[in-house]
Structures are given as C-alpha cells and as structure tokens.
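This report concerns the pockets of a protein model and the packing of its helices. Please examine the sequence and the structure before reading on.

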Amino acid sequence: MGQVSATFTKTFKELLREKSVLFWTIAWPIIWVMIISFSFTKGVPESCIPSVRGAITISMITFAITIAGMANLPGNIASDRERGLLVKLKSMPVSALKDFAGRIIGLLTFSCLAGFLVLISGFACGARFSGKLVSIIQSLGFLAIVFLASAGIGLIVGSLIKHVHGAIMTGVAISVITSSISGIFAPYYSLPEVLQTFSRFYPVSSANSSIIYLLVGEWYAGYNPLNFEQIVITLVVSALLFALGLTLYSKHCWR
C-alpha cells in the first residue's frame, strides 16, 4: 500500500496546489450556482424556488466532478509525462496498477471535496432537497457513475495527448460542450429531440438526471430516467469508457 499511498498523496497535493484547478473545479461551479440561483428564477413560483436551486446545485456538482475527471486527470498524467516521471517509474520495480489506483483515489478524494463545497454553496443559496435516506444513497451511486465515466474520458485524453496545456484544454472543451448539449447546463425539456436522445445515452447527463429525479422530483429532471434499460445503458457505457481509458493508459503511458 506504500506505493498507492505515495501516488495518492502526490496527486491530491498537486491538485490542491494548482490555482487553475481550484478555480475550474470548485470556484467556477460555485459561481454558477450563485448566478443561476438568483438570476434565472424570475417567474418561478416562490414555493418551487428551493427545488429549482436544488436541481441547479446537483448539476453543478456533476460538472465539478466532470471537470475533475476530464481535465484535471489528463493534466496530471501529462504533467508527469513532461517531467519524465513516468519514464523513471517504468524503469523501476513499480506496479502500474498501484500507481493507477493511487492516482484515481487522489482524484476521487479531490472530486468529493469539490462536490461537498458546491453542495454547501447551494444550501447557502437556498437549495433544498426532498429525498429520503434511500434516495441519498442511490444518488451517491449515480455520482460514482459520473466519476467513472469522466475519469474514463480523462484517461483517454491523458493517454493520447502528451502535453499538459493540450490535455487540459481538450478535457475542458469536452466537459463544457457535452454539459451544454446534454441537459446539465440547460433544462432537459428545452433541448431539441436529437439532444434529448443524446442526453439519455450520455452517462454523465443520465446519471445527473437520475440524481435530480431522486432528490428533487421528476418535473425538474424533465423525465423519468430510472427505468431498467436506461440504467443498464448508463452503467455499461460508463464501464466501457473507463475500461477503454485504462487500456490506453496502460498501453501509452506504461509500456
């Protein structure tokens, strides 16, 4: 466990030290929670505003985890590449699996911190949720799916793009574009039909809608995503993205 712990500590500390990482992963979602909570609730019945802010908060937690997986992870991998750290590790009796585990656990810990801070900001802005304990536990499972899919895409980007700036900007672009067209930045019902279909199949937005459905209600999610077929598709696509990312990471960064 020493190697896992060392890689975890290095990854977590590096993420905390980078001001750009803190801004895009924590400050940016919090800013949007505040802006949307007070600027885009005009005309909404007073009794519905806390739930609307709750849905907004959930979407921004999802976006924070998405940025962490798709931008911060490939940036971290590319940084180790540019510094020659991966080359040194490959020449040593170091387990690639343990290095990967430490890196992912470090990213997961940072993502949990970011999500918690966004949640606190949402409560401060008046967000409220109506789910029971079972719904909260189920929501944590869907957040794990968001992390799995995002980390998978991040591993793909980090494995194929070697330079730090290119890896980070590619990850940011993917996360922002997919969030914009899949119902994370905009209500599901406002999307055209083709993007609604994409939203149902894209695991990040599907999991996000599932959390909103569980903790806020179906009206705020736009539809009922908790049917067997969609849950299976969400799980399978997330697992495939993560498996593909892990395969490319082991092939391009360790062999």
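Helix H5 provides seven residues to the lining of the largest pocket, the largest share of that lining. The model described here is predicted. H3, H5, H6 and helix H9 (203-215) each contribute at least two residues to the lining of this pocket. In total 21 residues line the largest pocket, and those nearest its centre are Ile61, Gly115, Leu119, Leu140 and Leu143. By class, the lining of the largest pocket consists of 16 nonpolar, five polar and no charged residues.

The second largest pocket is likewise described by its lining. Of its 21 lining residues, Val52, Ala55, Ile56, Ala186 and Pro187 are the closest to its centre. Here the largest share, five residues, belongs to H3. At least two lining residues of the second largest pocket come from each of H3, H9 and helix H10 (218-221).

The packing of the helices may now be considered. Two packed helices are described by the angle and the distance between their axes. How do H3 and H5 cross, and at roughly what angle? The axes of helix H3 (residues 49-82) and helix H5 (residues 96-124) come within 9 Å and cross at roughly 150°. Angles over 145 degrees count as roughly antiparallel, and H3 and H5 are therefore roughly antiparallel to each other. Their crossing is right-handed. Among the residues that make this contact are Ile61, Ala64 and Ile65 of H3 and Ala114, Gly115 and Leu119 of H5. The contact of H3 with H5 comprises 13 nonpolar, seven polar and two charged residues.

H3 also packs against helix H6 (residues 133-160), with axes that come within 8 Å and cross at roughly 30°. Angles under 35 degrees count as roughly parallel, so H3 is roughly parallel to H6. The crossing of H3 and H6 is right-handed. The contact includes Ile61, Thr62 and Ile65 of H3 and Leu143, Val146 and Phe147 of H6. Its residues divide into 13 nonpolar, seven polar and one charged.

Notes:
Residues are numbered from 1 along each chain as its sequence is written. This is a predicted model: local features need pLDDT of at least 70, side-chain atom pairs count only at pLDDT 80 or more; totals for chains, interfaces and linings use all residues. Side-chain values use heavy atoms; hydrogens and water are left out. Axes are lines fitted to C-alpha atoms, for helices over the stretch in contact, and angles run from 0 to 180 degrees between N-to-C directions. Helices (H or I, at least four residues) and strands (E, at least two) are DSSP runs, numbered from the N terminus. Angles under 35 degrees count as roughly parallel, over 145 as roughly antiparallel, 65 to 115 as roughly perpendicular and the rest as oblique. A crossing is left-handed if the near helix is turned anticlockwise from the far one by less than a right angle, and right-handed if clockwise. Contact means heavy atoms within 4.5 Å. Ala, Val, Leu, Ile, Met, Phe, Trp, Tyr, Cys and Pro count as nonpolar, Asp, Glu, Lys and Arg as charged, and the others, Gly among them, as polar. On a 1 Å grid over the protein atoms alone, a cavity is a set of points where a 1.4 Å probe fits but cannot get out, and a pocket is an open set with protein on both sides within 12 Å along at least five of seven lines; lining residues have an atom within 4 Å of a point.
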